[in-house]
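Good morning, and thank you for making time for this presentation. I would ask you to look at the sequence and the model together as I speak.

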Amino acid sequence: MRHYCLALLCLLFSLTLVHGQTAQERQATLAYLQACQQPDVGVVPAKAGGAKSSLRASSAALRALKYFGGEPRDRAACARFVPSCFDKASGGFADHPGTQPDVVATAVGIMALVELQLPVDDYREATVQYLAEHVKSFEDVRIAAAGLEAIAARPRAADAWLEQIAKLRHADGTYGTGDGMARATGGAVVAVLRLGGKVEHRDNVLQALKAGQRPDGGFGKEQATTSDLETSYRVMRAFIMLKDKPEAERFRSFVAKCRNADGGYGVAPGEPSSVGATYYASIILHWLKS
């Protein structure tokens, strides 16, 4: 019996390590996310502050809740809020109902529709056309590729986007410079793969990603002294798409340092909790346990 109890304790301990949180911590995180849903049915970017409900925050909360094993406080309300951000005249989504659509909100809106299992075909043609016409910068390309991947759409503009990314690529297949190389390489490689392109010099790319893991265990922006969850998310997604991983235990340790007493996560250690940062933590921990 003693050996059985010891084995059970070891199993529970290992599950805690795999998920990166104890059961009590996960419940606190779920409560934090659920508390961010507002009476107007959307989700605010952070529990404190009094900001308006946001499409980006709503999408991030839906996915974070899924990865932490929970549900929104009112899923049906979320399913009403997301379509209310769609602008029929332009074919794009806005971050708040009745405001100006943009590329990021449109890509996020598509992903939110998929997450909520809403009829994507009602929006497909309009949103694909909007993105094809409005994508300009690399950051536009990166987020548009994510949204389009969610609905398995590839506009003709995708070839031009791949050419745009290729102009940023070094001869060895990497992107960016200095201590920002892992972030730049990760973001570019993910966009290329999502658009159906080919990653040049995969071994060099992985070497650059692994070299970018910092002493604190995470990944950070160029010339930043600490890592952050947003950069860490970009790099980790590249690892996953390339079927590899960074040093997992140090990475989990960094994510844990971003967790706050309210159950949410800040984008970096000591930063206030936000829905976006909590989503980054949720998916990183999910990937690290798979």
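How many salt bridges does the count come to by this rule? The rule is a side-chain nitrogen of Lys or Arg within 4 Å of a carboxyl oxygen of Asp or Glu, and by it the count comes to 17 salt bridges.

Before the details, a word on conventions. This is a predicted model, in which local features need pLDDT of at least 70 and side-chain atom pairs count only at pLDDT 80 or more, while totals for chains, interfaces and linings use all residues. Residues are numbered from 1 along each chain as its sequence is written, and side-chain values use heavy atoms, with hydrogens and water left out.

Let me begin with the charged pairs. Side chains of opposite charge can pair when their charged atoms come close. Arg183 forms a salt bridge with Glu230, with 2.5 Å between the closest N and O atoms. This pair links distant parts of the chain, since Arg183 is in helix H9 and Glu230 in helix H11, 47 residues apart. Helices here are DSSP runs of H or I with at least four residues, strands are E runs with at least two, and both are numbered from the N terminus.

Are the two partners buried or exposed? Buried means under 20% relative accessible area, exposed means over 50%, and partly exposed lies in between, with a 1.4 Å probe and protein chains only. Arg183 is buried at 17%, and Glu230 is buried at 13%.

Glu230 also forms a salt bridge with Lys221, where the closest N and O atoms are 3.9 Å apart. Lys221 has 36% relative accessibility and therefore counts as partly exposed. Another salt bridge joins Arg250 and Glu247, with the closest N and O atoms 3.2 Å apart. Both of its residues count as partly exposed, Arg250 at 27% and Glu247 at 44%. Salt bridges that share partners join Glu139, Arg142, Arg183, Lys221, Asp228, Glu230 and Arg234 into one network.

I turn now to helix H11 itself, residues 229–241. The expected span of a helix is 1.5 Å times one less than its number of residues. For the 13 residues of H11 that gives 18 Å, and the end C-alpha atoms are 18 Å apart, which agrees. After H11 comes Lys243, whose phi is positive, near 60°.

Why is H11 described as largely enclosed by the rest of the structure? The reason is that 11 of its 13 residues are buried. Among them are Leu229, Tyr233, Met236 and Phe239. The cover over the buried residues of H11 includes H9, helix H7 (138–150), helix H10 (202–211), helix H12 (248–257), strand E3 (265–266) and helix H13 (275–289).

Arg194 lies in H9, residues 181–194, and counts as buried at 15% relative accessibility. Contact means heavy atoms within 4.5 Å. Not counting residues up to four places away in sequence, Arg194 touches Ala145, Ala146, Glu149, Arg237 and Met241. Leu288, in H13, is buried with a relative accessible area of 4%. With the same exclusion of residues up to four places away, Leu288 touches Met236, Lys245, Ala248, Phe251 and Arg252.

Next, the nonpolar core, defined as a set of buried Ala, Val, Leu, Ile, Met, Phe, Trp, Tyr and Cys residues joined through side-chain atoms within 4.5 Å. The largest has 85 residues, and those with the most contacts inside it are Trp161, Ile165 and Leu229. The largest share of this core, 10 residues, comes from H13. Leaving aside neighbours within four places in sequence, the contacts of Trp161 include Leu131, Val135, Leu148 and Leu195.

Finally, the cysteines. How many disulfides does the structure hold? A disulfide is a pair of cysteine sulfur atoms within 2.5 Å, and the structure holds zero. The sulfur of Cys78 is 11 Å from the closest cysteine sulfur, in Cys85, which is too far for a bond. For Cys258 the closest cysteine sulfur is in Cys36, at 17 Å, again too far for a bond. Cys78 is buried at 3%, and Cys258 counts as buried at 0% relative accessibility.
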